[in-house]
Amino acid sequence: MSAEAQTHSSRIGWLVVLGVGICLLVAPHVLDRYPRYILTEVIIWGLFALGFDIIFGKTGLLNFGMSSFFGVGAYGFVYAVKYVYPSVWLGILSGMMFAMVFSIVVGWIVTRFSSHYFVVFTIVISMILFFLAMNLRTITGADEGINIRLPDLQIIAWQFSLRSPITKYYLILGVAAAAFLVVWLFFDSPIGRAVVAIRENEARAQMIGYNTAYLKLVAYTLSGTVAGLAGAMYPLLNSTTSAELFFWILSGKAVLWTVVGGAGTLWGPFLGAALLVTAEDAFSSWLVDFYPILVGVLLIAIILLAPKGVLGTLFQIIAERRESTEPGGRS
Amino acid sequence: MVKPKMGTTRRQFIKTGILGAGALSIGLGFPAIVRGKTAPIRIGGLMDMTGGLWAFGTWGHRSIEAAVKRVNAAGGIGGREVTYVMEDSATNVQTGLRKLRKLIEQDGCDFIIGPCNSGVNTASAPVVEQFTTPHFAWGTALSITQDKGNRFVFRGINNIRHGMVALAKIMGSELGKRYYCLGADYEWGRSVISEFRRVIDPVGGKMVGEEYSPVGTEDFVPYLNKIKADDVDILVGGYFTGDILKLARQAYEKGLLKKMQIIGGAMPTGIAPKEFGPAGNAVWFTSYGPQRMADVPDALKPFNKVYRDAIGLDAEGKDAKTGEEGSPSYSWTPWEHVFWIKRGIEKSGWKGKDDVGKFIQALEGMKVEAGDDFPQGPKAMRAQDHQVFTDQYVYKIQDNQYQLKGIVPAKDMDYPSEVDYTKQKV
Amino acid sequence: MAELIISQVVNGLVWGLILALISIGLTLIYGQLEIVNVAHGALYTVGAVVAYYAFSTFGGWVFALVLSPLALALLGLVIYLTTIRFALGKPPIVTVIITYGILFILEQTVFLTYGGVPRSIPTPIPYNIPFIGGDYPVYRIFCAVFSGLVIFCLMAFLKWTRYGLWTRATKQDYETAMNMGIPVRRVYAFVFCLGSALAGLGGALAAPISSVTFTMGHSIIIDAFIVVIMAGFGSVIGTLVASLVIEVVIGVSAAFVNPVMAKVIGMAIMVVVLFIRPEGLFGEK
Amino acid sequence: MNNDVVLRTEQLSITFGGLNALNGVDFEIREGEVLAIIGPNGAGKTTFFNVLSGNLRPNSGRVIFKGQDITGLPSYEICRRGLSRTYQKTSIFQDLTVFENIRLGAQIGHGRHHSWLRGALSDKAVVSVVEELLEMGGLNHQANQPAGNLSHGDQRLLEILIGISTRPELLLLDEPSAGLSAKETRQITQWVKDLSQTTIRNVIIVEHDMDVVTELASAIYVLNYGEVLCHGPVGEVKCNPQVQEIYLGKSV
């Protein structure tokens with residue numbers, strides 16, 4: 001059963017979502033400081049990978065240049081907060097808008113290509129951006145980047161200090177949840193489902209009346225905007241940004257997290273990021289030497305044996321179990 | 001997307017189960033949270049164990065480990081044991097920042113010794129300030145103790161500015177006035193060149209050209225083509241380790257190095273001088289410490305031997321066990337950082353987090369003598385910018401050997417501080 | 001200025017031929033197996049490392065030049081049998097991810113065995129010839145000539161031998177080829193080995209110019225992808241032309257603008273070409 | 001022009017590498033007509049469909065649909081104007097459910113494809129159309145199956161259902177019986193016949209099976225080497241000696 005059928009999800013599904021939601025809300029008060037930090041970071045990386053999932057898992061285009069959006073979003077935040085007006089909200093909005101404009105421009109070029117042409121194109125454009133970011137140091141600070149001081153968080157009349165990691169956590173969780181909801185609604189809507197049709201069969205989608213070039217641009221823009229939003233929260237968490245964010249390694253990580261977690265599931269990227277970031281954290285100090293090999297093997301194994309990733313395969317199994325017990329019926 | 005065959009079979013279920021379990025077990029590797037409440041003083045080492053700067057990280061790690069062992073063997077600091085936790089920052093800013101948090105927040109480290117990677121050090125500055133944890137930077141980019149630093153950041157090693165001043169002084173008459181700059185397009189590469197210009201321009205240096213190549217350049221010839229051998233005395237190479245090797249060899253093969261000399265940004269780590277081949281005879285380096293025992297001033301020899309023996313570095317600057325090239329130019333710094341921490345604690349009577357202010361004030365302006373604790377030589381920690389001033393070494397490759405050309409004492413490399421951290425709150 | 005431009009063009013042609021050698025391996029593998037081999041750069045690295053060991057063990061450069069492609073062909077066979085075989089017929093994006101995994105494994109294996117320190121191989125032909133505005137290393141000219149020769153032989157091979165015929169037949173129509181009794185699977189394995197061997201040969205040739213480190217494949221793979229895509233995936237002659245064009249353009253623009261902009265111009269050329277001709281210079285629609 | 005004409009082509013020509021795939025094809029279908037196009041392999045039947053539906057752009061000639069020139073319009077635009085087609089080689093959304101396959105077309109038919117502010121399934125109008133179509137095709141018990149799980153026969157049926165889900169005024173059927181057994185062929189023929197008498201009144205069908213053609217079509221166009229050999233009512237064309245020679249010789 002396709003992931004799409006999950007949207008008219010069972011009661012159990014909602015219970016799981018509710019459970020995860022409650023856990024996330026309680027987490028900062030239960031977890032120790034560092035796990036809380038990791039969790040905050042995982043939410044950002046998960047959101048970033050969600051951006052990748054939109055274009056890869058849902059639309060079927062492998063964008064190997066996601067780091068560009070993340071970098072653009074991060075710089076968008078920093079510029080606004082540092083040079084325009086010290087407001088976190090303005091920063092987030094600015095990061096998102098920067099990424100959106102950037103993805104529309106780039107998307108206009110790249111979405112006319114598909115398959116491997118698209119892959120190489122996106123790598124090349126992200127490399128161009130990386131070289132420029134390193135070169136234009138008066139604007140970007142190159143690899144040393146720009147450090148910022150975070151203003152207080154203002155919500156209507158209340159002020160919260162962002163020196164408190166718990167405030168940061170809730171802010172980031174809130175923004176990520178809102179973005180996730182928008183993406184989720186998008187893929188439940190007529191236009192979002194049409195995007196998925198492109199992944200399945202682009203020629204046919206076009207034939208039954210979909211302007212696939214336009215839809216791909218829409219998906220690409222949404223993908224870039226979500227990744228940019230994640231990027232905007234990076235300096236929010238770490239008070240710094242640098243041109244290194246544009247490097248292709250970060251794009252590779254988005255691929256890794258999403259494929260492992262489950263491409264096309266929307267939840268998968270978060271799961272993948274959680275699993276692999278904690279794994280990297282736990283392993284890289286005592287398994288330094290073999291960690292990359294492990295990652296390589298995992299990637300190959302997943303794509304060959306369970307191409308829907310951990311979560312996608314789980315969904316599939318549950319769905320087929322359910323189907324075998326209640327034949328027929330739409331929902 | 002991938003279209004799997006329909007129908008989940010038992011086999012597929014098992015497959016997924018195994019993969020899922022594998023992934024989960026990776027996740028659950030998350031170590032238990034251990035928080036020290038009592039005695040030990042915790043030092044965290046953020047080291048680039050993997051990635052481009054792995055060689056620095058590996059030697060830095062050995063250095064700290066040995067120093068901590070030595071401190072503990074002598075009864076710890078003020079009777080308290082010192083524990084050392086290392087995290088791999090993977091020569092990557094994002095990973096480095098996370099591991100920094102891990103050291104501070106999870107492992108409860110009281111002091112951080114940073115990696116050789118300037119990018120990680122500058123990005124760490126706001127974090128250590130937020131957590132009021134003193135950070136000892138090892139990178140040599142000038143900005144770490146200037147605009148990018150703050151009151152919690154110290155650096156126990158000279159920076160590129162010292163390096164270039166020393167080079168100019170030692171090369172003296174050999175230093176021609178016409179120079180051409182070619183550097184890697186990142187901050188460190190650029191600052192090598194700007195610091196060189198800062199030294200040479202006031203004494204009549206004439207820049208013939210300036211170029212920055214994108215990171216990861218394989219072929220330098222398109223840029224070398226622009227250089228006319230007769231017009232240039234010195235090629236300033238703002239490159240690190242492997243890249244300076246490539247640059248020198250390609251310049252030699254192009255016939256540029258008949259008279260021209262090359263200045264490398266810093267002593268390479270892990271690269272044997274013979275790798276340079278005949279190109280080496282034109283290559284100069286600035287070095288933050290002595291390469292071989294023979295290069296160490298007599299007064300410092302006994303101290304240097306203690307440190308070398310402790311970390312397994314032989315008299316030639318190689319790994320005593322494997323015979324591979326070490327990082328003698330750099331690896332003394334993390335060792336000394338441990339002892340800066342020790343001195344700071346002893347002087348301030350630091351007991352825990354609340355005494356950080358006292359600790360910082362104790363280090364500001366502190367002078368230390370050479371000894372087993374400070375084998376590289378005597379040093380002064382300048383109060384305003386937390387920059388150490390110490391001797392700088394200058395090397396040249398000659399006949400497949402790193403040959404010491406001179407040592408420049410700290411007093412000859414002084415420069416006014418552009419910042420004053422002492423005005424910041426602690 | 002004219003001198004500078006001429007020397008940039010010459011160096012661009014030389015370096016372009018070496019790049020073409022590596023890129024042709026990539027394009028062959030794609031043209032035949034529809035595998036987008038992201039690990040090709042790692043194969044190039046392994047080729048250089050094998051060359052280093054061959055050189056330091058046997059002391060002769062010729063050994064490196066022979067052993068590297070052979071070793072890489074063998075490595076290619078191992079990779080084909082263990083992973084690529086299962087990726088055949090999957091969408092290209094799946095093959096990207098599989099070979100991305102292979103990249104991790106190969107690169108880290110090189111790091112663990114060869115080590116992370118850059119090492120160098122002395123120039124096999126340590127002579128320069130005077131050339132406008134300076135000298136030019138003979139070894140580079142040898143590399144260019146040798147690469148050109150290999151590419152020529154390869155094209156002749158593909159055109160006139162039975163295996164060449166088989167590969168073309170398989171490329172055009174898998175099923176008919178099968179029915180005609182062509183051992184399709186063997187042709188696939190052969191082409192993958194051939195592509196790997198070319199990457200290895202490229203690594204061995206470039207090793208004395210560059211320095212041998214475990215990350216040396218990173219920048220070359222991106223350059224290779226740029227020329228392959230600009231040529232149109234699968235076109236051998238197109239790849240040759242595109243390599244030469246790109247390298248010459250980068251060289252000549254380096255005479256006028258800064259190196260980073262020169263590189264960006266090289267990349268932008270690809271963007272423009274594909275914008276006008278989405279199937280690439282020599283690609284089929 | 002006659003208002004009755006639904007679709008008309010004028011001197012439609014297209015070449016592939018020097019080969020004339022279509023050569024000056026004049027074609028016309030009137031309101032309420034079911035036309036068949038026959039011809040040997042490579043005669044240009046599918047190419048003709050590809051040009052009509054906008055997959056290919058003709059080298060010369062025009063396609064007039066409902067009085068408007070649609071030559072060279074992108075295929076999605078042509079579909080939105082009311083011309084839909086199916087494929088000889090089944091082209092469905094394999095991983096999506098049968099329901100979703102049809103719903104994707106139906107939301108186009110209702111002009112709801114731009115919305116992203118409401119759930120796709122809360123659109124009652126679209127959903128009821130989908131349910132109707134499922135009922136019509138007898139696929140309602142498999143609505144939640146991934147389309148790839150269906151039998152070949154059901155996939156052919158789904159192919160047509162997707163084609164009509166966009167509420168076309170003209171439907172192009174490319175060999176609906178391809179790969180079906182005799183029994184399945186009879187079923188689908190009957191089904192298409194019912195369809196053409198109720199919902200979709202204008203159909204052009206490319207078919208090899210003369211029984212199917214005879215059953216469904218009122219008139220036939222015969223294509224050969226990209227040209228219209230002859231056309232007219234079924235009985236008339238069948239008797240044409242030229243046609244019998246090149247194509248029907250063996251089967252009639």
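In the predicted model, 60% of the 426 residues of chain B count as buried. The radius of gyration of chain B is 23 Å, in agreement with the value near 22 Å that a compact globule of 426 residues would have. The C-alpha trace of chain B extends over about 70 × 70 × 45 Å along its principal axes. Chain B contains 11 helices and 15 strands. When contacts in chain B between residues at least 6 apart in sequence are considered, 67% join residues at least 24 apart.

Within chain B, the packing of helix 5 (residues 160-171) against helix 6 (residues 187-200) was examined. The two axes come within 9 Å and cross at roughly 45°. Because angles of 65 to 115 degrees count as roughly perpendicular and those under 35 degrees as roughly parallel, helix 5 of chain B is classed as oblique to helix 6 of chain B. The crossing of these helices is right-handed. On the side of helix 5, the contact involves Ile160(B), Arg161(B), Met164(B), Val165(B) and Ala168(B); helix 6 contributes Ser191(B), Val192(B), Glu195(B), Phe196(B), Val199(B) and Ile200(B). By class, the residues of this contact comprise eight nonpolar, one polar and two charged.

Between chains, the contact of chain D with chain A takes 35 residues from chain D and 28 residues from chain A. On the side of chain D, the elements that give two or more residues are helix 2 (75-80) and helix 3 (98-109). Helix 3 of chain D provides the largest share of that side, six residues. The side of chain D that touches chain A is made up of 15 nonpolar, 14 polar and six charged residues.

Key
Residues are numbered from 1 along each chain as its sequence is written. Chains are lettered from A and ligands numbered from 1 in the order in which they are written. This is a predicted model: local features need pLDDT of at least 70, side-chain atom pairs count only at pLDDT 80 or more; totals for chains, interfaces and linings use all residues. Two residues are in contact if their C-beta atoms, placed from the backbone, lie within 7 Å. Helices (H or I, at least four residues) and strands (E, at least two) are DSSP runs, numbered from the N terminus. Ala, Val, Leu, Ile, Met, Phe, Trp, Tyr, Cys and Pro count as nonpolar, Asp, Glu, Lys and Arg as charged, and the others, Gly among them, as polar. The radius of gyration is taken over C-alpha atoms; the globule rule is 2.2 Å times the number of residues to the power 0.38. A residue is buried if 20 or more other C-beta atoms lie within 10 Å of its own, exposed if 12 or fewer, and partly exposed in between; C-beta atoms are placed from the backbone. Axes are lines fitted to C-alpha atoms, for helices over the stretch in contact, and angles run from 0 to 180 degrees between N-to-C directions. Angles under 35 degrees count as roughly parallel, over 145 as roughly antiparallel, 65 to 115 as roughly perpendicular and the rest as oblique. A crossing is left-handed if the near helix is turned anticlockwise from the far one by less than a right angle, and right-handed if clockwise.
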